[in-house]
Amino acid sequence: MRSFIYRHSLVGSFGAVLTFLFWLSRPEWVAEMRFWRAVGDASLILLYLTLALGPVAKFLPRFWLLLPYRRVLGVWFAISAIVHTIIILDGWVQWDVSQFMGYQFVPQLDRMVRLESGFGMSNLLGLLAVLISLPLMATSTDWAMRGLGAASWKFIHYGAYTIFYLVALHTAFF
């Protein structure tokens with residue numbers, strides 16, 4: 001239990017530091033946009049570290065010491081991605097599906113207009129990645145692995161690669 005708390009505290013703090021550093025990197029942006037983007041960028045780094053740790057440890061044996069952090073990094077990726085999504089949905093999009101899909105009301109035209117091609121698809125890809133991350137986050141424990149069995153647990157967690165591709169496409173647009 002002590003190592004569980006320690007690992008989560010360490011990785012959560014690392015995620016907070018990443019978020020702060022990304023927030024500092026864009027001083028010219030509006031504070032709200034800076035924040036949701038910083039949380040999303042920190043989430044991206046946590047995902048990449050989660051997925052890279054296994055292969056790196058195969059080639060560089062020193063990194064085996066970090067393998068116990070792999071699940072924790074994945075959990076904090078999901079937490080950051082969920083926070084990023086909620087900030088955008090609540091603050092910027094205001095739970096409006098049209099805005100989420102890239103449409104905005106233009107008073108001069110008196111109608112909704114899609115301002116950026118691909119914006120809605122990119123948002124859908126990001127939302128899908130967050131939804132797929134939920135079962136991975138929920139099953140990122142030894143208890144879940146024992147309960148599901150190794151084969152089922154592994155099958156669920158192969159979803160991390162799908163998340164990687166969805167996030168890569170999502171971020172490529174932005």
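## Pockets and helix packing

The largest pocket has a lining of 22 nonpolar, nine polar and six charged residues. Here nonpolar covers Ala, Val, Leu, Ile, Met, Phe, Trp, Tyr, Cys and Pro, charged covers Asp, Glu, Lys and Arg, and polar covers the others, Gly among them. The model is predicted: local features need pLDDT of at least 70, side-chain atom pairs count only at pLDDT 80 or more, and totals for chains, interfaces and linings use all residues. Residues are numbered from 1 along each chain as its sequence is written, and side-chain values use heavy atoms, with hydrogens and water left out.

**The chain**

The protein chain holds eight helices and two strands. Helices (H or I, at least four residues) and strands (E, at least two) are DSSP runs, numbered from the N terminus. Along the sequence the pattern is α-α-α-α-β-β-α-α-α-α. A box of roughly 60 × 35 × 30 Å, taken along the principal axes, is filled by the C-alpha atoms of the protein chain.

**The largest pocket**

How much space lies in the largest pocket? About 960 Å³. A pocket is an open set of points on a 1 Å grid over the protein atoms alone, where a 1.4 Å probe fits, with protein on both sides within 12 Å along at least five of seven lines; lining residues have an atom within 4 Å of a point. The volume is the space filled by probe spheres set on the points, which are joined across faces, edges and corners.

The lining of the largest pocket counts 37 residues. Nearest its centre lie R70, R71, S140, W153 and H157. At least two lining residues come from each of α1 (2-24), α2 (31-59), α3 (70-92), α5 (119-138), α6 (142-148), α7 (150-157) and α8 (159-173).

**The second largest pocket**

Which helix gives the most to it? α3 does, with seven residues. By class, the lining of the second largest pocket has 14 nonpolar, eight polar and two charged residues.

**How the helices pack**

Two packed helices are described by the angle between their axes and the distance between the axes. Axes are lines fitted to C-alpha atoms, for helices over the stretch in contact, and angles run from 0 to 180 degrees between N-to-C directions.

| Helix pair | Angle | Distance between axes |
|---|---|---|
| α5 and α8 | roughly 155° | within 8 Å |
| α1 and α3 | about 50° | 9 Å |
| α2 and α3 | about 155° | 8 Å |

α2 is therefore roughly antiparallel (over 145 degrees) to α3. The crossing of α2 and α3 is left-handed: the near helix is turned anticlockwise from the far one by less than a right angle. Their contact (heavy atoms within 4.5 Å) has 16 nonpolar, eight polar and two charged residues.

α5 and α8 are also roughly antiparallel to each other. They too cross in a left-handed way. α5 brings F119, S122, N123, L125, G126, L128, A129, I132, S133 and L136 to the contact. α8 brings G159, A160, T162, I163, L166, V167, L169, H170 and F173. These residues divide into twelve nonpolar, seven polar and no charged.

α1 passes α3 in a right-handed crossing, with the near helix turned clockwise. R7, H8, V11 and G12 of α1 meet V72, L73, V75 and W76 of α3. Five of these contact residues are nonpolar, two polar and one charged.

Technical notes. Parallel < 35°, antiparallel > 145°, perpendicular 65-115°, else oblique.
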